[in-house]
Amino acid sequence: MKSYISSRFAAIAALFASLVGAATAAPEPSSSSDRSPRGFVLRAGKVYPGDAPPIKDAAIVVREGRIVSVLPAGAPLPNDLPLVDRSHSVVTPGFVVAESRLSNAFEDRFPASFGTIVTIRSVDPLRRAIDGFSFVDRRDGILSGGVTTAYLAPGTRRLVNGRGAVVKLAGETAEQRTIREIADLYLSIGDSAEGLAAKFEAPLPPSAEVPLRPGEQQFARTRAGAIYGLRLAFSEAHQFARSWRAETDPARRPQFSPEQLALADLLQAKTPVRIRTNADVDVLAALDLLQEHGLRGALVGGYEADSHTSRIKSAEVSAIVELPVAGDAGLNDANARWDLPKNAARTSAALAAGGVRVALAPADDSVLPAFPLLLAHAIRGGWSAADALRSVTFDAARILGVEDRVGSIAPGRDADLVVLSGDPGEAWASVLETYSSGICVFNREEAERRRRDYLEETRPKQTADEAGGTVVVRAGLVVPVSGPPIANGSVAIQNGRIVSVGASVAVPRGARVIDAGPNAVITPGLIDARSYLGLGAERSAYAGNAALEHLAVPSDPDFRLVASGGVTTVLLHSPGYLPTGSPVAALKTGGHWTQAVVREACGVALPSLGPNPEAYKALLQRGKQYSERWDKYFADSDKEKAEAKKGADAKPADAAEPKKEDKKESEPEAAVTDPITGTWQGEITGGPLPQPQPFTLRLRLRGDVVSGTVEGRGPMGREPQEFDGGTFKDNTVTINVTRPELPFPLKIEAKLDKPDHMVGSVDARVLKLDFEATRTEKVAPTIAAKPKGKKRGVEMPPIDDNLEPFRRVFHGDAAIVVAAESKEDIQAAVSAIVDEFKLPLVISGGSQGTEIASMLAAKGVGVLSGPALPFSSSQVGVPVAVELATAGVPMALGTGSSTGARDMAGFAAFAISRGLGGDQILKALTLEAAKLFCVDQRVGSLAPGRDGDLVVWSGAPFSAAARVQLVVVGGIVAFDEAEAAR
């Protein structure tokens, strides 16, 4: 099979957004108010009080929804209370979310810049978050994450957003669930309050006599304006309150302003103030504002607050730091760069280490059902497990002023408890039960039973080249993925490929031996199955059908960043899916530059074309015909070359030598004296090329006409390409070369700057590359004579860029990727692509694929899931990925980001917390992804002949304490934790 045409240097590919969010949940469970009595004894293997060290084998006594006592091991238990035995589990206080948007906030759901006709006031102290919170809506998903108490933000886009509240997420009445109706005054400084549109108020009643007036400009349009606006609002509020209360004559009183009076009263009462701010300069402004008015409170956001730790501590100001956790809405590229100051986990750890009281909160409410994962993310950022737990229990409650009710396990506190399957901070430590005021509001076994019952009732039964160095890596456990784990195993890599895997492997001569230790674990390098790595900030400008591998090259420093997270291969997607198909390229994140491209087209991505198989069939039929035309061209070309060679071999040995005067052009000349004829060795550089590309020119000069051949790498092509009609004038060589891969000729133009040396450029129409060559031989090359007036060779078919990737697909080297969510769209794609054309298919998204999971599994159709892992529409709190994996559907996981794969371990931990097994995750990130995209002969497993890509973990992969210690790509160390620390 001929190699895929890949040397197109067009400008490329634009980005489509990531996968869709969670679907509607399955039918809600019945009320949980009678699941557990308000009085009981809960025995646990370990109890974390929240504000004290853990207690082993303790028992918690609960009466009337309150904690009465915590009994140590061996203490007698009350006889009048039922015993709930959780001896093999861990109990913590109910988690307290110190910042949430569970209260409806208009300006948070709609941008402030949608027009000037808005009624949003920049100062609105009358607004109450409690008024926007529904006490009727069920919060089962959040309770399944162990969250029992939440702060309600009244909004974030105003200067003065209103008054926050603290509520419980379960309870029988609104009164029982309200802990603090007014918790604080919420202000905003900086980015969140900038750009507020002009305030417009329509006349009431409207009439022709009262004209519409333009909107009133508000101070929060700039950072400086926001700070000045707050100071002015405070000053005017105080002045208004004094004037209003001092003046007894109604005629002389100022016009009543409820907003100003409410603000003055809140400030006068020293109500706690919460200020949303992130940037360094805004943190200083917030501290100044609090100091000027003698207020206490907290900073929320605070990504750059660690620069002022000492001042924050001395001012007795708390910090609520929001952590972007994998699964929010895709991995966040900026926060994946742990060396940047905006890394929230490190900022919060630095604040806590400096003595500031810190509460951790997720940056997005969507991860509240997986809230324990926040602890694992904090631990990876530098927190200890004990301090991270305290920050989301006792410290969060103290910041909210509700520590007398929640946040700790102590006598007198509400019996808000979380039963975990393991220690807090471990990704596999799932929530088994959640109690609120002594009532069990979530039980995982009961939820699983309801899920199984629902499935039985509603669903049908499911049926059945040149590479890197030489290295040997040893560890306590080797997980090849394609076979059983190997204790005390080793992986030997030579010339970039794995030569052996086992408990005892031969060490190649001169190999570097790396012994990672008995606790280390070796796995294959991870695969990010949806990446935009290396496409840069301008990726939205690229056309969707160009060759991505020429833009995203490993010389980009972001590749090393992603490699440090254990990702050795990225599947680069065109940011925009075209109806005609967009290529997916497989690239390495490290190793030797010649190994950078695993495959230029391992997939062709298509958007959903609707529930119409004919739309797919028409496109695939064109692709098939195009592939067949090129196959015929290569076959005919090979046949023609074989016949030509056969004819040359049959030439009589005693054939008469041509006369000197009839000397043919095909004969070589012994020596030349002109400045051009001979063999030239050179390199082309620049543009998207990761390294200089060598090439060879064999030139012959007759008069001022240049003919010859060119061969090399990159745009020159690997096989010799003949040309004629070049020129040599004014000491400059100009050559036009027509390559089969390109719809236009390459133009080489070079000037002789000194004897036997030329410099110039290669013009590939869409970009220009630098050119330099040196003449190494002065012997005329052999160039076959061309019969005049006769067409030479088999005619090459026209190139169609839109259909080029389909040649790989029809040769079985690439998959069709279809972005589809609905069951109908998925079935249409399967019908056309798998049933009729027998091609490999991957569904990107597939949120309704759970309804036809058995069919997908039977036909080997894979699913590419994004980091959000949306919930199934047919099950209670079960992600789509879990249901599909359970049914045997092969899975691949992609970040849908550029550098977000740096925290692939966080992505994996999030998936584990959602219900996927660690082995399933590892397989989805390695072998299954490789198989789905037809690159499993190169990557995805540890086996002889595969590329030497592996990751060394300090412990069990994806656990909270496990770090990526070493990453090897093609036998070359791409990341070494010890070296990075130096």
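Before you click on anything, one definition: a residue is buried if its relative accessible area is under 20%, exposed if over 50%, and partly exposed in between (1.4 Å probe, protein chains only). Helices (H or I, at least four residues) and strands (E, at least two) are DSSP runs, numbered from the N terminus. You're looking at a predicted model, where local features need pLDDT of at least 70, side-chain atom pairs count only at pLDDT 80 or more, and totals for chains, interfaces and linings use all residues. Residues are numbered from 1 along each chain as its sequence is written, and side-chain values use heavy atoms, with hydrogens and water left out.

**Stop 1: helix H10**

Select residues 372-380, which make up helix H10. Eight of its nine residues are buried: Pro372, Leu373, Leu374, Leu375, Ala376, His377, Ala378 and Arg380. Now step on to Gly382, which follows H10 and has a positive phi, near 125 degrees.

**Stop 2: a loop with a positive phi**

Go to Glu316, in the loop between helix H7 (309-314) and strand S11 (318-323). Its phi is near 55 degrees, a positive value in a residue other than glycine. Is Glu316 buried or exposed? With 69% relative accessibility, Glu316 counts as exposed.

**Stop 3: charges over rings**

Show the side chains of Arg274 and Tyr151: the charged end of Arg274 sits over the Tyr151 ring, 3.5 Å from its centre. To count, NZ of Lys or CZ of Arg has to be within 6 Å of the ring centre and within 35 degrees of the ring normal. Then try Arg253, whose charged end sits over the ring of Trp244, 4.3 Å from the centre.

**Stop 4: the barrel**

Colour strands S25 to S32. Eight strands close into a barrel here, in the order S25-S26-S27-S28-S29-S30-S31-S32, with antiparallel pairing. On average, neighbouring strands of this sheet are turned by 30 degrees against each other, direction ignored; the axes are lines fitted to C-alpha atoms, for helices over the stretch in contact, and angles run from 0 to 180 degrees between N-to-C directions. Two strands pair if DSSP finds at least two bridges between them.

Walk along it pair by pair:

- S25 (residues 678-685) and S26 (residues 693-702) are joined by seven bridges, and Gln681 stands opposite Thr696 in S26.
- S27 (residues 705-712) and S28 (residues 721-729) share five bridges; look for Gly708 opposite Phe723 in S28.
- S28 and S29 (residues 732-737) have three bridges, with Phe728 opposite Val733 in S29.

Zoom in on the turn between S28 and S29: the two strands form a hairpin with two residues between them, and Asp730 in the turn has a positive phi of about 50 degrees.

**Stop 5: aromatic pairs**

The whole structure holds 14 aromatic pairs. Rings of Phe, Tyr and Trp (its six-membered ring) pair if their centres lie within 6.5 Å; planes under 30 degrees apart count as stacked, over 60 as edge-to-face and the rest as tilted. Select Phe810 and Phe837: their ring centres are 6.4 Å apart and their planes at 75 degrees, so this pair is edge-to-face. Phe810 is in helix H16 (residues 806-810), while Phe837 is in the loop between helix H17 (823-836) and strand S34 (841-845), 27 residues apart. Phe810 is partly exposed at 21%, whereas Phe837 is buried at 11%.

In that loop between H17 and S34 you'll also find Lys838. Lys838 is exposed, with a relative accessible area of 64%, and its phi is positive, near 60 degrees.
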